[in-house]
Amino acid sequence: MFAYIVRRLGLSVLLLVVAMLATFLLHHALPGDPAAAVLGKQYTAESAHEIRERLGLNDPLPEQFVRYVGDVMRGDLGRSHVSNELVTEELERVLPATIELGVAALILATIVGIGLGVLTAVRPRSWWDVAGLTAALAGVSLPIFWLGFLALQAFGEGGTLATMTGLHGLPLGGRFSPAAYKLSQWVADTPGATGFLLFDTLFVARDPEVFWHVAKHLLLPAVVLASVPMAVIARITRASMGEALLQDYVRTARAKGLPPRRVVLKHALRNAAIPIATSIGTQLGYLLGGAVLTETIFQWPGMGTYVVQAILNLDVKPLQACVLVIAVGFVFVNLVVDVSYAFLDPRVGTPGGGS
Amino acid sequence: MNRVLPWLWAFLGHHRPALVGTLLVVLVTLTAVIGPFAVAHSPDDVFARFASPGAEHRLGTDSQGYDIFTRMVFGARTTLLIALTAMSMSLVLGSLVGAVAGFVGGRTDLLVMRVVDVAMSFPSFLLAMVTVAVLGTELENVIVAVGLVGAPMFARQVRAEVLRVVSADFVMAARSLGLAAPRVLFVHVLPNSLGPIIVLGTLGMGSAILDVAGLNFLGLGGDPFRVPEWGLILTQGWNKRPDANLQVAVAGLAIFVTVLGFNLLGDGLKDELDPRTRRR
């Protein structure tokens, strides 16, 4: 097991180097001349050459790469040439927004997805099963930005359902309403504030009213973002639960008179857990892709909207930084997942037990 | 063909979801092929802006004064063509890489599959976004990006199939006859792994439509004045909400129904062709 973990760590380091190399090359692969971007209208061949010299763009590539790695290690991710702000500072603002949205969506997707999957597996070919399967299939076929639009039309302020029920409806976008609360300023000024607004309002400011305000803003985007992972988790749960329920140990458990609920939740679900856990892990990828679209619909000031702006403006440093952050996040999550398998399933990482 | 049609008939007869999927796909394909000849207007005809739905304009007109119904019908054609191009690219590229890796084996296989693993572990939509950023925000590059991002899945599946088939007696026979490796691969090995490729291709159409629409929604699809695909029609409506809400609803519904059709059909084919997932 120890050897396995060491080997896995080595692979992670290798992947990180590959990620650095890829983001470094990204800089050179992007169209547009960085010098021209800096100079704008004052472009002359001489000053462009001077800027390239100053940015180190005339040095040999390996030398530039070593310098890039050094910069990243020191936490220097450069400046956006559009806002002229430090990328690390901008990331500090946008990352918590995306993580908060993603984690909320993942928790929602896991709970509802597993629930739906178990429910459909227990009563195969019933009305429940058909409805669950239909919902799961619809979930993976929906354009997520269209789902967001429909959700806003129905539940948003002035939306159809909101008007019908006479309720106020949910906010149309953003993490909070700047007119009501100046939360960005508050986060920047308050020591101990993390930028995770649910956490901050509940534990740092201890203001339930603001917490409720923030939670209401989070609700629709999180539900919309959760739709696809929820559908996938539900389908996997149904498949692996269906298989587990046919096993002998389930029959034995039933035969010895255990209550059905206990048989399903304790005996079957536990044994169906590994494929479900794997599917939750792989959903993180979809979650990040979906987050970009969800953030765009709900004007969520997170990394998704930040990346899109960087691409549209050909803003190299933020784009490079975002790809690097995502890659590092992935390497880390995969490492944690693989190592936790080694603990969950003793066969992993031993000779003859697969890698 | 003589064997395929009866098989298809029997399959659709007993697999109801796949039948629904087939009907949806056929419906959209027919719209794309003959629809453009059957509509009254051209997608470039300009009328009054934001006209309400009625006899003249079944779904009204958009912010530029284009007839939405006409654009949706023409959009079926562009949407399917774009997705088909991207998916074919994934299919050809991925299958080739996977087949060669599985057939050659050894270090090549190890290296190629590591690259595939890394590519698949990274969020595919983000990968497509970055690819478009590198190539430039143009429709052609969106197609290339979606095609590239879809390829690893084919590579992995085809490699697994090739590994399964390569030790079969008929391949051994072909090899011992002294046939050249490419011939053994293309004539004897690949045709026998066609089933999973068809399944992935069908499901791939759905995800290609969604990915292209998503990239367009983010504004990465370039020139907005070309004959639109549905993702762009949706986006243009979204940018003019709430006046163009109907446009968003209709375009999204069309995308949803089409993707659902391909997914139903693909899942059905998977049930039928893969004995492991055959329904209990």
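Residues are numbered from 1 along each chain as its sequence is written, and chains are lettered from A in the order in which they are written. In this predicted model, local features need pLDDT of at least 70, side-chain atom pairs count only at pLDDT 80 or more, and totals for chains, interfaces and linings use all residues, while side-chain values use heavy atoms, with hydrogens and water left out.

The size of an interface is often given as the accessible area lost when the parts come together. Chain A and chain B bury about 3200 Å² between them, with 78% of it on carbon and sulfur atoms; buried area is the accessible area (1.4 Å probe) that two parts lose on being put together, summed over both. On the chain A side, A:Phe145, A:Trp146 and A:Phe149 lose the most area to chain B, together 19% of what that side buries. Contact (heavy atoms within 4.5 Å) involves 40 residues from chain A and 34 residues from chain B.

The count between the two chains is 1 salt bridge, a term for a side-chain nitrogen of Lys or Arg within 4 Å of a carboxyl oxygen of Asp or Glu. A salt bridge joins the side chains of A:Arg235 and B:Asp267 (2.3 Å, N to O).

Over all chains, the structure holds 8 salt bridges. One of these pairs A:Asp71 with A:Arg74 (2.9 Å, N to O). Relative accessible area (1.4 Å probe, protein chains only) classes a residue as buried under 20%, exposed over 50% and partly exposed in between; A:Asp71 is partly exposed at 22%, and A:Arg74 is exposed at 62%. In chain B, the closest N and O atoms of B:Asp117 and B:Arg156 are 2.5 Å apart in a salt bridge. B:Asp117 lies in helix α4 (residues 106–121) and B:Arg156 in helix α6 (residues 139–166) of chain B, so the pair ties together parts that are 39 residues apart in sequence. Helices (H or I, at least four residues) are DSSP runs, numbered from the N terminus.

Most residues other than glycine have a negative phi. A:Asn84, although not a glycine, has a positive phi of about 60° and is found in the loop between α4 (61–73) and α5 (87–122) of chain A. A:Asn84 counts as exposed, at 53% relative accessibility. A:Gln299, also not a glycine, has a positive phi of about 45° and is placed in the loop between α14 and α15 of chain A.

Terms used
Helix = DSSP H or I, 4+ residues; strand = E, 2+ residues; numbered from the N terminus.
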